[in-house]
Every structure is written in C-alpha cells, then in structure tokens.
There are 2 protein chains.
Amino acid sequence: MAKAARGHGLAAEIVGIGRDATRLEAARRDGALDRVTTDLAAGIADADLVLLAPPVGVIAAMLEDVARVCGAQTIVTDVGSTKAAIVRTAERLGRTRQLRFVGSHPMAGSEKSGYGEARADLFRGATVVVTPTESSDPTAVKTVSQLWERLGAGRIVTLDPEAHDRAAAAISHLPHVVAMALVDAVDRFEPAALDIAARGFRDTTRIAASDPVMWEEIFLANREALGQSLIAFREALAELERLVAAGDSAGVRATIARIKARREALR
Amino acid sequence: MAKAARGHGLAAEIVGIGRDATRLEAARRDGALDRVTTDLAAGIADADLVLLAPPVGVIAAMLEDVARVCGAQTIVTDVGSTKAAIVRTAERLGRTRQLRFVGSHPMAGSEKSGYGEARADLFRGATVVVTPTESSDPTAVKTVSQLWERLGAGRIVTLDPEAHDRAAAAISHLPHVVAMALVDAVDRFEPAALDIAARGFRDTTRIAASDPVMWEEIFLANREALGQSLIAFREALAELERLVAAGDSAGVRATIARIKARREALR
C-alpha cells in the first residue's frame, strides 16, 4: 500500500508503524515510507488517513488503540480479508467516540509476502470491496473509495460486512483451503507424483504457498462462513464423484460443460 | 503434435487422420498437415510413426484397427492421459501380431483445445512420461523418447502404466475434479461472489474450463485411481477443517507451513 500510494503521489508523508522497526527498513530505504516507528500514537498523530494491514486477527483489537489516539478528522480503513468482526468492532467503538472507519478489502495480492514482493501497480484494475454500514461517515466512505480509485482499482464494490465474509469465504478462503489440501493429499499419498506435476497442478495450487500466519488468522476469523462454503464444496465434489463412479458418461459431460461455461463467464 | 513436429522439422510428411476431415482443415491450411484422410488404413500406410491422440476412451479400441493396418516397422505411440488400459491392450495385441507400441503422456497442454490453440513450442521444457513394459521393443522405446526430446521436452520420465495412472490421478485428474467442484460450489451456493473473484480464484480454477468430452473420458478411464486420490484429498481437507473448526491456531499454522514448504519445493 505504501509503495502504491507513493508511486501514485497520493501522500505528502507516509509513516510506517510496526512492532519491529527493522522489518520496515526495506520500505523506508526504498522511499515508500518517509519514516518508521513502533509507537502507534506517534505514528498516527496528524495523519489524514490510517491504513491497518496487520494479520487479520489483530485488526479488531488494534482498532481500540487507534480510536484512542487518532484525531477527529482522521479516516481509518484496513485491508483485512474478513470484515464482520472488524467493522462491528469499529461500530461499537464509534458509539462512544469519534471513529471514522470504513473497511476495505482489495481483491489483489499473491501467495508472496514481504516488502520485496511489493508492487506500486498491485491494485491496477483490481476489484476492491468496501464495507460501509448505516453508521459510517459519508466523507469517510467517499475518501476511502477515492483512495482505491486513485491507486488504480478497476472497480469498487460495496458489500455489507457479513455478505463480504461469505463471498470472501467462497472465492478466496475456500480455494486456499482446497489448494492446500490438494498439495497435502498428493504429498502424503502419492509424493512421487509431484515430480511430474505440470502447469495445471502448479496453477491450481499456487495459493497453497501462502503465508501461514496470515492465513491461519483468516481461516479462524472467518471459520463459520468457511465451514458453510466447505459444505457446499463437498456436495459439489460428491456429485461429480458419484457420476464418475457410476460411469455416467452423459452426466459427467453435462456437469463439466455446465461448469466450464460458468468458469468462462467470469469477467 | 503435428504443428510441433512440423515446427521442429521432424517429419517429411505428416498425415492427419480423423472421423471428420473438415476438422483437420485448419491444420492442413496452416501447413502442419500435408494431407488429411478419414481412412485409417490409407493414412497409416507407409508411416514410420503413428501418434494416437483422440479422447482417451477411444485409444484402446483404436489400437486394434491400427495394429491390423500398420507395417512391421511402424512405431506407434499415443498421448492419452491414462496409460494402463491402453498399454495392456497393446501388449495383448502384440502377442499375436507385430505392434511396436510405447505409451506416452506429455505433461503439457492447457484447458484450451482445438487447432487454434496449437503451439509448436508446447512441449518445450515439458516433462513427458513414457510407459514401456518388459515386452516393449527397445527400438520403439528409444524412438519415442527421442521424438519427445526433439520436440523440446525437458525431461523424459519412465513409469510403468499403473504407476503413471496413480501419479496422473494425483497431480492432474484430482486437481481437475477439485477445480470443477470449486467453481460449481461457488456458482450454486454463493454465485454473487464470482463477481469479485480475483487471480487466486482464477488460477485455482483455470482447469475447470477444460473440454467436457476429453475430461469425461479421462475421469472414467482412471476412475479407480481417481477415487483413491479423492479419499486422500478428503482426509487432508478434513484434517485442515478440523484444526480450523477447533480454533487450533498453532496446528493450522504448522500445517500451512508444512504445505507451503512442499509446494515451494516443486521443481
């Protein structure tokens, strides 16, 4: 985000806040950050916009500290992969003090992490979900949406936080679990097969190489919606398997044809 | 194959044989085929090498006709995605007549099909599995291996047909079923989510857009090994799900870390 904001000239000053300042050094040396600090209050003072980007399990708790130290005009957003717990925490906090928060989830990134993988054009053409609620400050909603647009987003989609979490479970968290299980299944039951794996396997399992800390927190934070999407996935898998086991050529063909058409219709 | 063989200057004459000559026209016009025919005997006459590339369910039956019309020196291979049924049929036929057959499976291709998607460099750097048996003619094994090397293959792996089928189930057929089930699950239970699907979902499900006829035949031809790999997959999935449902952060992290390391170790 810092690299993209700098690359697009969106901020006069960008301050990196983290628990370990040495981990922010690469971004500072590269010019994406102007300065770094481990002190939340010092980092946030005078900020127009605060972006929260730690692993998702930490964001809700962090919001309490942020709400305490940020100014009345400061707009706060995050890039957490789940939204309900975070947004509902922000709403609760907002009832007793000023907190101009709007949740975001840019549908961009990769299995890679760390500043070395940062790209100023990461958000170009991306879909970004923002999750305002009835109590959101309209200026904050507008500012956060504009932030993403100015970073190059191709489309801003507004969803309520719970709808976001169900959608993210379906098209992101479920695929991650499935890709991981795929690698694990082959590794444990037919490991020699990995030696001949080609592009199909590589693409299908690329996201199985994602960061363990980040994804453990996402899975746990969204475990309910993830569990529901897993039920749906198992049903779809069982149906295909039943047709194959029964030798139902026509049924298998029709099912694959239907799925192929749906996959090809993705924008 | 014809385009690649032509591109690499491997054949003086390339003849396309198919049930519907009009479907071979694009390849002929493009120069990949010198001539086309619907007559198997006429097409194979005087051929040094015959390559069988119909949907996999047809290959074993086709071998009988091929064995009847090809010459004593003709070498026959195929590119079927399963090998046991085909190779065992060739062995049986080889007991009563001359049939210099060696099975092949190039680990290359994509979800696309048809001559419009053909690329002369498709096999560059690819792993190709060849599946000779004790009864295979050594000259045929050598010629078929050299064919793939001259088409640019990066590596020739020799497997017995049954081992190939288990490996192919694990790293190709299982991922296809899983990718298809993933699209189907989201489409049926959270279809609106497809609207915000990004690169992770796209890559994980790219092969869900594969050809229905081709893949119905592969699934059915290899249904036993596929069924076994699905059992392994379900176990791996259930283990991950169990850890997530239990809120076992350390367990989820350790599992993801192990899987990530395995995925990153793929050559």
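The structure is a predicted model, in which local features need pLDDT of at least 70, side-chain atom pairs count only at pLDDT 80 or more, and totals for chains, interfaces and linings use all residues. Residues are numbered from 1 along each chain as its sequence is written, while chains are lettered from A and ligands numbered from 1 in the order in which they are written.

The secondary structure of chain A comprises 11 helices and eight strands, taken as DSSP runs (H or I of at least four residues for helices, E of at least two for strands) and numbered from the N terminus. Along its principal axes, the C-alpha trace of chain A spans about 65 × 40 × 30 Å. With contact defined as C-beta atoms, placed from the backbone, lying within 7 Å, 69% of the contacts in chain A between residues at least 6 apart in sequence join residues at least 24 apart.

The domain assignment, whose bounds come from an automatic or database source, divides chain A into domain 1 (2-159) and domain 2 (164-264). The centres of these two domains of chain A, taken over C-alpha atoms, are separated by 30 Å, and their contact takes 14 residues from domain 1 and 17 residues from domain 2. On the side of domain 1 that touches domain 2, helix H4 (56-69), helix H5 (84-94) and strand E7 of chain A each supply at least two residues.

Strands E3, E4 and E5 of chain A form, in that order, an open sheet with parallel pairing, two strands being paired if DSSP finds at least two bridges between them. Strand E3 (49-52) and strand E5 (100-101) of chain A stand at the edges with a single partner strand each, so one side of each is left without a neighbour in the sheet. Strand E4 (residues 75-78) of chain A is joined to E5(A) by two bridges, and Ile75(A) stands opposite Arg100(A) in E5(A). Helix H6 (residues 138-150) of chain A lies across E3, E4 and E5 of chain A and runs at about 50° to E4(A), where axes are lines fitted to C-alpha atoms, for helices over the stretch in contact, and angles run from 0 to 180 degrees between N-to-C directions.

Strand E7(A) is mostly covered, five of its five residues being buried; Thr127(A), Val129(A) and Thr131(A) point one way from the strand, and Val128(A) and Val130(A) the other way. E7(A) pairs in the antiparallel sense with strand E6 (residues 103-106) of chain A over four bridges, and is joined to strand E8 (residues 155-158) of chain A by four bridges in a parallel arrangement. His105(A) has Val129(A) as its bridge partner in E7(A), whereas Val128(A) stands opposite Ile156(A) in E8(A).

Between the chains, 74 residues of chain A are in contact with 75 residues of chain B, and H7(A) gives the most to the side of chain A that touches chain B, with 19 residues. Superposition by least squares on the C-alpha atoms of residues with pLDDT of at least 70 in both copies places chain A on chain B through a rotation of 180° with 0.0 Å of shift along its axis (RMSD 0.0 Å), which is the relation of a two-fold axis.

Key:
Two residues are in contact if their C-beta atoms, placed from the backbone, lie within 7 Å. A residue is buried if 20 or more other C-beta atoms lie within 10 Å of its own, exposed if 12 or fewer, and partly exposed in between; C-beta atoms are placed from the backbone.
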